[in-house]
Amino acid sequence: MNAFEMNFDGLVGPTHNYAGLSYGNIASQSNATGISNPKEAAKQGLLKMKALADMGYRQGLLLPHERPAIGSLRALGYQGSDAAVVRQVGRDNPTLLSAVSSGSCMWTANAGTISPSADTADGRVHFTAANLNAKFHRSIEHPTTSRMLQAIFHDSRHFAHHPALPAIASFGDEGAANHTRFCAEYGAPGVELFVYGKEAFNETRPAPVKFPARQTLEASQAVARLHGLGDAQCVFAQQRPETIDAGVFHNDVIAVGNGNVLFYHETAFVDTAQVLAELDAKLIGAKLISVCVPSAEVSLHDAVRSYLFNSQLLTQSDGSMTLIVPAECRSITSVADYLTRLLADPANPIQTVQVFDLKQSMNNGGGPACLRLRVALTEAEYQAIHPGVIITPTLYQQLNSWVDRHYRDRLVCADLADPLLITESRTALDELTRLTGLGSIYSFQR
(Lines give C-alpha, C1' and ligand atoms only; values in the text may rest on other atoms or scores of the structure.)
Protein backbone atom coordinates (compact mmCIF):
# COMPACT_ATOMS: atom_id res chain seq x y z
CA MET A 1 0.00 0.00 0.00
CA ASN A 2 1.32 3.46 -0.90
CA ALA A 3 2.25 5.49 2.16
CA PHE A 4 4.63 8.22 3.24
CA GLU A 5 6.15 9.68 6.36
CA MET A 6 4.78 12.99 7.63
CA ASN A 7 6.62 15.17 10.12
CA PHE A 8 4.75 17.15 12.77
CA ASP A 9 7.01 19.82 14.25
CA GLY A 10 6.41 21.45 17.60
CA LEU A 11 5.78 25.18 17.35
CA VAL A 12 7.90 26.95 19.98
CA GLY A 13 5.75 28.65 22.61
CA PRO A 14 5.75 32.24 23.93
CA THR A 15 7.47 31.27 27.22
CA HIS A 16 10.54 29.61 25.67
CA ASN A 17 13.32 30.17 28.21
CA TYR A 18 16.62 28.81 29.54
CA ALA A 19 16.06 27.52 33.05
CA GLY A 20 18.43 24.53 32.96
CA LEU A 21 15.71 22.14 34.10
CA SER A 22 16.91 19.01 32.34
CA TYR A 23 19.54 17.22 34.40
CA GLY A 24 21.49 14.93 32.09
CA ASN A 25 21.04 17.29 29.14
CA ILE A 26 24.39 19.09 28.99
CA ALA A 27 23.24 21.89 26.66
CA SER A 28 20.23 22.65 28.87
CA GLN A 29 22.37 22.90 31.99
CA SER A 30 25.16 24.84 30.28
CA ASN A 31 22.82 27.61 29.14
CA ALA A 32 20.82 27.95 32.36
CA THR A 33 19.86 31.57 33.21
CA GLY A 34 20.70 32.71 29.68
CA ILE A 35 18.57 35.14 27.68
CA SER A 36 16.18 33.42 25.30
CA ASN A 37 14.43 34.87 22.26
CA PRO A 38 11.02 33.19 21.90
CA LYS A 39 10.25 35.07 18.68
CA GLU A 40 13.48 33.97 17.00
CA ALA A 41 13.03 30.41 18.28
CA ALA A 42 9.54 30.13 16.79
CA LYS A 43 10.67 31.57 13.46
CA GLN A 44 13.66 29.21 13.26
CA GLY A 45 11.31 26.27 13.71
CA LEU A 46 8.80 27.60 11.21
CA LEU A 47 11.53 28.11 8.62
CA LYS A 48 12.55 24.46 8.93
CA MET A 49 8.92 23.35 8.55
CA LYS A 50 8.47 25.45 5.42
CA ALA A 51 11.77 24.29 3.92
CA LEU A 52 10.76 20.64 4.25
CA ALA A 53 7.32 21.36 2.82
CA ASP A 54 8.98 23.16 -0.11
CA MET A 55 11.17 20.06 -0.65
CA GLY A 56 8.00 18.03 -1.18
CA TYR A 57 7.64 16.43 2.26
CA ARG A 58 4.29 16.41 4.04
CA GLN A 59 4.64 18.71 7.03
CA GLY A 60 2.37 19.53 9.94
CA LEU A 61 2.66 21.20 13.32
CA LEU A 62 1.71 20.62 16.92
CA LEU A 63 0.69 23.64 18.95
CA PRO A 64 2.44 24.95 22.08
CA HIS A 65 0.93 24.09 25.45
CA GLU A 66 -0.54 26.59 27.86
CA ARG A 67 2.29 28.06 29.90
CA PRO A 68 2.62 28.94 32.68
CA ALA A 69 0.58 25.88 33.68
CA ILE A 70 -1.52 27.52 36.39
CA GLY A 71 -3.56 24.33 36.84
CA SER A 72 -0.44 22.46 37.90
CA LEU A 73 0.29 25.11 40.54
CA ARG A 74 -3.28 24.96 41.86
CA ALA A 75 -2.96 21.18 42.11
CA LEU A 76 -0.02 21.87 44.44
CA GLY A 77 -2.15 24.02 46.73
CA TYR A 78 -1.58 27.55 45.45
CA GLN A 79 -4.69 29.74 45.63
CA GLY A 80 -5.86 33.17 44.56
CA SER A 81 -6.03 34.84 41.19
CA ASP A 82 -3.79 33.57 38.42
CA ALA A 83 -1.65 36.70 38.74
CA ALA A 84 -1.37 36.27 42.51
CA VAL A 85 -0.37 32.63 42.15
CA VAL A 86 2.40 33.45 39.67
CA ARG A 87 3.72 36.27 41.86
CA GLN A 88 3.74 34.04 44.95
CA VAL A 89 5.48 31.12 43.24
CA GLY A 90 7.96 33.48 41.59
CA ARG A 91 8.82 34.87 45.02
CA ASP A 92 8.84 31.64 47.03
CA ASN A 93 9.93 28.99 44.50
CA PRO A 94 11.26 30.38 41.21
CA THR A 95 12.48 26.95 40.12
CA LEU A 96 8.92 25.62 40.29
CA LEU A 97 7.70 28.62 38.30
CA SER A 98 10.36 27.89 35.67
CA ALA A 99 9.15 24.30 35.50
CA VAL A 100 5.48 25.18 34.90
CA SER A 101 6.56 27.83 32.36
CA SER A 102 8.85 25.60 30.33
CA GLY A 103 8.40 25.54 26.57
CA SER A 104 9.69 21.96 26.42
CA CYS A 105 6.61 20.66 24.58
CA MET A 106 8.25 22.15 21.46
CA TRP A 107 10.29 18.91 21.31
CA THR A 108 7.54 16.74 19.88
CA ALA A 109 9.82 13.72 19.48
CA ASN A 110 8.85 13.23 23.13
CA ALA A 111 5.11 13.70 22.55
CA GLY A 112 4.44 10.00 22.15
CA THR A 113 5.15 6.79 20.28
CA ILE A 114 3.40 6.09 16.98
CA SER A 115 3.01 2.77 15.18
CA PRO A 116 1.66 2.90 11.61
CA SER A 117 -1.29 0.84 10.40
CA ALA A 118 0.98 -1.51 8.43
CA ASP A 119 2.40 -2.81 11.73
CA THR A 120 -0.57 -2.95 14.09
CA ALA A 121 -2.96 -5.83 14.67
CA ASP A 122 -6.11 -3.81 13.97
CA GLY A 123 -4.76 -1.92 10.94
CA ARG A 124 -5.00 1.52 12.57
CA VAL A 125 -2.32 4.07 13.42
CA HIS A 126 -1.69 3.84 17.18
CA PHE A 127 -0.62 6.71 19.44
CA THR A 128 0.57 6.48 23.05
CA ALA A 129 1.33 9.79 24.73
CA ALA A 130 4.61 9.69 26.66
CA ASN A 131 4.41 10.16 30.43
CA LEU A 132 7.84 11.87 30.55
CA ASN A 133 7.95 10.90 34.18
CA ALA A 134 11.67 11.61 34.68
CA LYS A 135 11.22 15.40 34.79
CA PHE A 136 8.43 17.31 36.52
CA HIS A 137 8.31 20.05 33.90
CA ARG A 138 7.70 17.44 31.21
CA SER A 139 5.47 15.11 33.23
CA ILE A 140 2.66 17.67 33.09
CA GLU A 141 2.56 17.63 29.28
CA HIS A 142 0.76 14.40 28.40
CA PRO A 143 -2.87 15.45 29.15
CA THR A 144 -2.62 18.34 26.66
CA THR A 145 -0.59 16.23 24.24
CA SER A 146 -3.31 13.57 24.28
CA ARG A 147 -6.06 16.11 23.64
CA MET A 148 -4.09 17.63 20.78
CA LEU A 149 -3.29 14.31 19.11
CA GLN A 150 -6.92 13.23 19.43
CA ALA A 151 -8.07 16.51 17.89
CA ILE A 152 -5.69 16.16 14.93
CA PHE A 153 -6.04 12.40 14.41
CA HIS A 154 -9.73 12.24 15.31
CA ASP A 155 -11.16 9.58 12.99
CA SER A 156 -11.45 6.36 15.00
CA ARG A 157 -11.68 4.31 11.80
CA HIS A 158 -8.03 5.12 11.16
CA PHE A 159 -6.52 6.14 14.50
CA ALA A 160 -6.34 4.63 18.00
CA HIS A 161 -5.20 6.61 21.06
CA HIS A 162 -3.83 5.28 24.34
CA PRO A 163 -3.29 7.21 27.57
CA ALA A 164 0.17 7.66 28.99
CA LEU A 165 1.65 4.78 30.97
CA PRO A 166 1.50 4.86 34.81
CA ALA A 167 3.43 7.88 36.05
CA ILE A 168 6.12 6.03 38.00
CA ALA A 169 9.81 5.58 37.31
CA SER A 170 9.44 1.87 36.52
CA PHE A 171 7.42 2.81 33.42
CA GLY A 172 9.28 5.95 32.42
CA ASP A 173 8.47 6.62 28.76
CA GLU A 174 10.06 9.33 26.61
CA GLY A 175 8.19 8.65 23.38
CA ALA A 176 9.57 8.60 19.86
CA ALA A 177 12.95 9.96 21.00
CA ASN A 178 13.68 6.33 21.90
CA HIS A 179 11.77 4.68 19.05
CA THR A 180 12.64 4.18 15.37
CA ARG A 181 10.80 2.25 12.68
CA PHE A 182 12.56 0.48 9.82
CA CYS A 183 10.83 -0.71 6.65
CA ALA A 184 11.32 -1.49 2.98
CA GLU A 185 8.71 1.18 2.23
CA TYR A 186 6.41 3.17 4.50
CA GLY A 187 3.28 1.24 3.58
CA ALA A 188 4.87 -2.19 4.12
CA PRO A 189 5.14 -4.01 7.45
CA GLY A 190 8.17 -2.81 9.37
CA VAL A 191 10.23 -3.54 12.45
CA GLU A 192 10.14 -1.10 15.37
CA LEU A 193 13.25 -0.44 17.44
CA PHE A 194 12.60 0.46 21.07
CA VAL A 195 15.68 1.74 22.91
CA TYR A 196 15.76 1.81 26.71
CA GLY A 197 18.22 2.95 29.33
CA LYS A 198 17.61 0.37 32.04
CA GLU A 199 15.46 -2.51 33.20
CA ALA A 200 13.35 -1.28 36.10
CA PHE A 201 12.67 -4.72 37.58
CA ASN A 202 16.12 -6.23 37.10
CA GLU A 203 18.78 -4.43 39.10
CA THR A 204 21.48 -6.87 38.00
CA ARG A 205 21.48 -5.38 34.51
CA PRO A 206 23.83 -2.46 33.67
CA ALA A 207 22.52 1.08 34.17
CA PRO A 208 23.99 4.59 34.12
CA VAL A 209 25.43 5.91 37.38
CA LYS A 210 25.74 9.67 36.75
CA PHE A 211 22.62 10.65 34.83
CA PRO A 212 19.19 8.99 34.98
CA ALA A 213 17.98 6.48 32.42
CA ARG A 214 14.67 8.01 31.38
CA GLN A 215 13.28 5.08 29.39
CA THR A 216 12.75 1.61 30.83
CA LEU A 217 12.50 -1.71 29.04
CA GLU A 218 9.18 -2.29 30.80
CA ALA A 219 7.72 0.93 29.36
CA SER A 220 8.84 0.08 25.84
CA GLN A 221 7.33 -3.40 26.10
CA ALA A 222 4.05 -1.96 27.37
CA VAL A 223 3.78 0.45 24.44
CA ALA A 224 4.45 -2.39 21.99
CA ARG A 225 1.65 -4.44 23.57
CA LEU A 226 -0.78 -1.51 23.49
CA HIS A 227 -0.06 -1.01 19.79
CA GLY A 228 -0.71 -4.65 18.98
CA LEU A 229 2.83 -5.38 17.81
CA GLY A 230 4.07 -8.97 17.69
CA ASP A 231 7.50 -10.25 18.67
CA ALA A 232 8.54 -10.41 15.03
CA GLN A 233 7.94 -6.67 14.67
CA CYS A 234 9.93 -5.46 17.70
CA VAL A 235 13.55 -5.13 18.70
CA PHE A 236 14.37 -3.95 22.22
CA ALA A 237 17.89 -2.54 22.56
CA GLN A 238 19.66 -1.08 25.56
CA GLN A 239 21.46 2.21 25.24
CA ARG A 240 25.04 2.03 26.51
CA PRO A 241 25.07 3.34 30.12
CA GLU A 242 28.38 5.16 29.66
CA THR A 243 26.85 7.01 26.74
CA ILE A 244 23.92 8.19 28.85
CA ASP A 245 26.40 9.37 31.48
CA ALA A 246 28.16 11.37 28.75
CA GLY A 247 24.99 13.40 28.14
CA VAL A 248 23.09 11.24 25.65
CA PHE A 249 19.75 11.42 27.44
CA HIS A 250 17.74 9.99 24.50
CA ASN A 251 18.61 7.53 21.76
CA ASP A 252 17.89 10.18 19.13
CA VAL A 253 20.97 12.06 20.34
CA ILE A 254 23.18 9.13 19.27
CA ALA A 255 21.30 7.38 16.41
CA VAL A 256 18.74 8.08 13.71
CA GLY A 257 17.03 5.72 11.27
CA ASN A 258 14.79 5.89 8.24
CA GLY A 259 13.59 3.27 5.78
CA ASN A 260 16.19 0.51 5.92
CA VAL A 261 19.06 2.78 7.05
CA LEU A 262 20.44 3.19 10.58
CA PHE A 263 22.95 6.03 11.11
CA TYR A 264 24.56 5.69 14.52
CA HIS A 265 27.62 6.28 16.66
CA GLU A 266 29.62 3.23 17.66
CA THR A 267 28.90 3.90 21.35
CA ALA A 268 25.12 3.89 20.95
CA PHE A 269 24.13 0.39 22.10
CA VAL A 270 25.16 -2.20 24.67
CA ASP A 271 25.36 -5.02 22.13
CA THR A 272 25.53 -3.43 18.70
CA ALA A 273 26.17 -6.64 16.75
CA GLN A 274 23.11 -8.31 18.25
CA VAL A 275 20.92 -5.24 17.62
CA LEU A 276 21.95 -5.03 13.97
CA ALA A 277 21.52 -8.75 13.41
CA GLU A 278 18.03 -8.80 14.92
CA LEU A 279 16.90 -5.72 12.98
CA ASP A 280 18.15 -7.22 9.73
CA ALA A 281 16.51 -10.59 10.44
CA LYS A 282 13.13 -9.01 11.19
CA LEU A 283 13.16 -6.43 8.40
CA ILE A 284 10.88 -7.62 5.60
CA GLY A 285 11.65 -6.92 1.95
CA ALA A 286 14.98 -5.15 2.42
CA LYS A 287 18.42 -5.51 3.94
CA LEU A 288 19.39 -3.25 6.82
CA ILE A 289 22.04 -0.70 5.86
CA SER A 290 23.98 0.42 8.92
CA VAL A 291 26.22 3.49 8.80
CA CYS A 292 28.46 3.52 11.85
CA VAL A 293 30.38 6.64 12.87
CA PRO A 294 33.53 5.55 14.75
CA SER A 295 34.77 7.38 17.83
CA ALA A 296 38.12 7.77 16.11
CA GLU A 297 36.47 10.09 13.57
CA VAL A 298 33.83 11.80 15.73
CA SER A 299 34.26 11.57 19.48
CA LEU A 300 31.24 11.04 21.70
CA HIS A 301 31.87 14.52 23.09
CA ASP A 302 31.69 16.08 19.62
CA ALA A 303 28.64 13.99 18.73
CA VAL A 304 26.83 15.42 21.76
CA ARG A 305 28.01 18.98 21.14
CA SER A 306 27.05 18.95 17.47
CA TYR A 307 23.84 16.89 17.71
CA LEU A 308 24.96 15.14 14.53
CA PHE A 309 22.62 12.23 15.24
CA ASN A 310 19.71 14.38 16.35
CA SER A 311 19.16 15.00 12.67
CA GLN A 312 16.31 14.17 10.35
CA LEU A 313 17.03 11.41 7.86
CA LEU A 314 14.62 11.74 4.95
CA THR A 315 14.05 9.75 1.77
CA GLN A 316 14.24 11.76 -1.45
CA SER A 317 12.25 11.10 -4.60
CA ASP A 318 15.17 9.20 -6.19
CA GLY A 319 15.43 6.84 -3.21
CA SER A 320 18.58 8.40 -1.76
CA MET A 321 18.52 10.13 1.60
CA THR A 322 19.19 13.61 2.90
CA LEU A 323 20.32 14.49 6.41
CA ILE A 324 18.89 17.61 8.08
CA VAL A 325 21.52 18.80 10.56
CA PRO A 326 21.92 21.77 12.92
CA ALA A 327 24.43 24.51 12.12
CA GLU A 328 26.73 23.22 14.87
CA CYS A 329 27.64 20.32 12.58
CA ARG A 330 29.30 22.83 10.29
CA SER A 331 31.27 24.63 13.03
CA ILE A 332 32.69 21.55 14.83
CA THR A 333 35.65 20.46 12.71
CA SER A 334 35.56 16.71 13.32
CA VAL A 335 31.85 16.53 12.42
CA ALA A 336 32.17 18.78 9.35
CA ASP A 337 35.11 16.71 8.10
CA TYR A 338 33.22 13.45 8.67
CA LEU A 339 30.19 14.68 6.72
CA THR A 340 32.45 15.70 3.83
CA ARG A 341 33.89 12.18 3.70
CA LEU A 342 30.42 10.66 4.03
CA LEU A 343 29.08 12.53 1.02
CA ALA A 344 32.15 11.64 -1.04
CA ASP A 345 31.34 7.94 -0.72
CA PRO A 346 29.05 6.96 -3.65
CA ALA A 347 27.98 3.76 -1.88
CA ASN A 348 26.63 5.70 1.07
CA PRO A 349 22.80 6.03 1.07
CA ILE A 350 23.02 9.57 2.51
CA GLN A 351 23.75 11.74 -0.51
CA THR A 352 22.93 15.28 0.66
CA VAL A 353 23.11 17.31 3.86
CA GLN A 354 20.93 20.33 4.65
CA VAL A 355 22.00 22.71 7.43
CA PHE A 356 19.56 24.70 9.59
CA ASP A 357 20.15 27.32 12.27
CA LEU A 358 18.19 26.13 15.31
CA LYS A 359 20.35 27.83 17.93
CA GLN A 360 17.47 28.76 20.21
CA SER A 361 16.42 25.12 20.48
CA MET A 362 19.99 23.79 20.52
CA ASN A 363 20.79 25.95 23.56
CA ASN A 364 18.25 23.86 25.46
CA GLY A 365 19.50 20.57 24.01
CA GLY A 366 17.12 20.04 21.12
CA GLY A 367 18.13 19.63 17.49
CA PRO A 368 16.14 19.02 14.28
CA ALA A 369 14.96 15.54 15.30
CA CYS A 370 13.78 16.70 18.72
CA LEU A 371 11.43 19.18 17.08
CA ARG A 372 9.50 16.65 15.02
CA LEU A 373 7.19 13.69 15.48
CA ARG A 374 7.16 11.19 12.59
CA VAL A 375 3.87 9.62 11.50
CA ALA A 376 3.70 7.14 8.60
CA LEU A 377 0.35 7.51 6.82
CA THR A 378 -1.54 6.18 3.85
CA GLU A 379 -3.29 8.68 1.62
CA ALA A 380 -6.66 7.78 3.17
CA GLU A 381 -5.25 8.36 6.66
CA TYR A 382 -3.74 11.66 5.56
CA GLN A 383 -7.12 12.81 4.27
CA ALA A 384 -8.62 11.94 7.68
CA ILE A 385 -6.37 14.21 9.77
CA HIS A 386 -7.36 17.73 10.74
CA PRO A 387 -6.26 19.90 7.78
CA GLY A 388 -5.69 23.08 9.77
CA VAL A 389 -2.28 21.94 11.04
CA ILE A 390 -0.82 21.07 7.62
CA ILE A 391 1.89 23.53 6.60
CA THR A 392 1.04 25.43 3.41
CA PRO A 393 2.51 28.71 2.11
CA THR A 394 -0.56 30.51 3.43
CA LEU A 395 -0.42 28.95 6.89
CA TYR A 396 3.32 29.63 7.08
CA GLN A 397 2.73 33.34 6.46
CA GLN A 398 -0.15 33.41 8.95
CA LEU A 399 1.95 31.74 11.64
CA ASN A 400 4.84 34.15 11.14
CA SER A 401 2.48 37.10 11.47
CA TRP A 402 0.97 35.51 14.56
CA VAL A 403 4.43 35.15 16.13
CA ASP A 404 5.23 38.80 15.32
CA ARG A 405 2.07 39.93 17.09
CA HIS A 406 2.38 37.87 20.25
CA TYR A 407 5.95 36.85 21.06
CA ARG A 408 8.63 38.64 23.02
CA ASP A 409 12.15 38.83 21.63
CA ARG A 410 13.83 38.63 25.03
CA LEU A 411 13.00 36.47 28.05
CA VAL A 412 14.90 35.68 31.24
CA CYS A 413 13.72 33.50 34.10
CA ALA A 414 12.80 36.53 36.24
CA ASP A 415 10.28 37.55 33.54
CA LEU A 416 8.25 34.40 34.20
CA ALA A 417 6.80 36.05 37.33
CA ASP A 418 5.28 38.82 35.20
CA PRO A 419 1.49 38.31 35.25
CA LEU A 420 1.29 39.96 31.83
CA LEU A 421 2.99 36.91 30.38
CA ILE A 422 -0.08 34.83 31.31
CA THR A 423 -2.35 37.14 29.35
CA GLU A 424 0.05 37.33 26.41
CA SER A 425 0.40 33.56 26.20
CA ARG A 426 -3.32 32.82 26.53
CA THR A 427 -4.26 35.46 24.00
CA ALA A 428 -1.77 34.01 21.54
CA LEU A 429 -2.90 30.40 22.03
CA ASP A 430 -6.59 31.28 21.82
CA GLU A 431 -5.95 32.94 18.47
CA LEU A 432 -3.83 30.01 17.32
CA THR A 433 -6.58 27.45 17.97
CA ARG A 434 -8.95 29.58 15.88
CA LEU A 435 -6.32 29.96 13.15
CA THR A 436 -5.80 26.20 12.94
CA GLY A 437 -9.41 25.27 13.73
CA LEU A 438 -8.44 22.87 16.52
CA GLY A 439 -10.99 24.23 18.98
CA SER A 440 -10.73 24.33 22.77
CA ILE A 441 -7.76 22.16 23.71
CA TYR A 442 -6.51 24.35 26.57
CA SER A 443 -7.81 24.49 30.15
CA PHE A 444 -8.41 28.24 30.08
CA GLN A 445 -10.72 27.93 27.05
CA ARG A 446 -14.41 27.29 27.59
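Here are some numbered notes on this predicted model, meant to be read with the structure open beside you.

1. **Ground rules.** The model is predicted, so to speak of local features a pLDDT of at least 70 is needed, side-chain atom pairs count only at pLDDT 80 or more, and totals for chains, interfaces and linings use all residues. Residues are numbered from 1 along each chain as its sequence is written, and side-chain values use heavy atoms, with hydrogens and water left out.

2. **The annotated site.** Start with Glu-174, His-250 and Cys-370, which the unreviewed UniProt entry annotates as "active site". The three residues are spread over 197 residues of sequence, yet they cluster in space, with a largest C-alpha distance of 11.4 Å.

3. **Glu-174.** Look for this one in the loop between β5 (159–162) and β6 (179–182). (Helices, H or I with at least four residues, and strands, E with at least two, are DSSP runs numbered from the N terminus.) Is Glu-174 buried or exposed? Glu-174 counts as buried because its relative accessibility is 2%. (Buried means under 20% relative accessible area, exposed means over 50%, and partly exposed is in between, using a 1.4 Å probe and protein chains only.) Not counting residues up to four places away in sequence, Glu-174 touches several others, among them Asn-110, Leu-132, Arg-214 and His-250. (Contact means heavy atoms within 4.5 Å.)

4. **His-250.** This residue sits in the loop between α9 (241–245) and β9 (255–258). His-250 counts as buried, at 2% relative accessibility. Leaving aside neighbours within four places in sequence, the contacts of His-250 include Glu-174, Asn-110, Arg-214 and Gln-239.

5. **Strand β13.** Now move to residues 321–326. Six of the six residues of β13 are buried, so the strand is largely enclosed by the rest of the structure. Met-321, Leu-323 and Val-325 point one way, while Thr-322, Ile-324 and Pro-326 point the other way.

6. **The partners of β13.** Strand β12 (residues 312–315) runs antiparallel to β13, and four bridges join them. (Two strands pair if DSSP finds at least two bridges between them.) You can find Leu-314 opposite Thr-322. The hairpin of β12 and β13 has five residues between the strands, and there Gly-319 takes a positive phi near 95°. Strand β14 (residues 350–356) pairs with β13 in the parallel sense, over six bridges, and Val-355 in β14 is the bridge partner of Val-325.

7. **Helix α13.** Residues 333–344 make a helix of 12 residues that reaches 17 Å from its first C-alpha to its last, close to the 16 Å expected at 1.5 Å a residue. (The expected span is 1.5 Å times one less than the number of residues.) Which residues of α13 are buried? They are Ser-334, Val-335, Tyr-338, Leu-339 and Leu-342. (The arc is that of the directions from the helix axis to the C-beta atoms.) An α-helix has 3.6 residues a turn, so residues three or four places apart point the same way. The face of α13 turned away from its buried side carries the exposed residues Thr-333, Thr-340 and Ala-344. What covers the buried residues of α13 includes β13, β14 and α11 (300–306).

8. **A three-stranded sheet.** Elsewhere, three strands form an open sheet in the order β2-β1-β15, with mixed pairing. The edge strands, each pairing on one side only, are β2 (59–62) and β15 (372–378). Strand β1 (residues 3–10) runs parallel to β2, joined by four bridges, and Asn-7 has Gln-59 as its bridge partner in β2.

9. Most residues other than glycine have a negative phi, and most peptide bonds are trans. Arg-67 and Pro-68, however, are joined by a cis peptide bond, with omega about 0°. Leu-132 has a positive phi near 50°; this residue lies in the loop between β4 (125–129) and α6 (136–139) and is buried, at 2% relative accessibility. Tyr-307 has a positive phi near 60°, is found in the loop between α11 and β12, and is buried with a relative accessible area of 3%.

Conventions: UniProt positions renumbered as here; feature names shortened; annotations may be inferred. Expected span 1.5 Å × (residues − 1).
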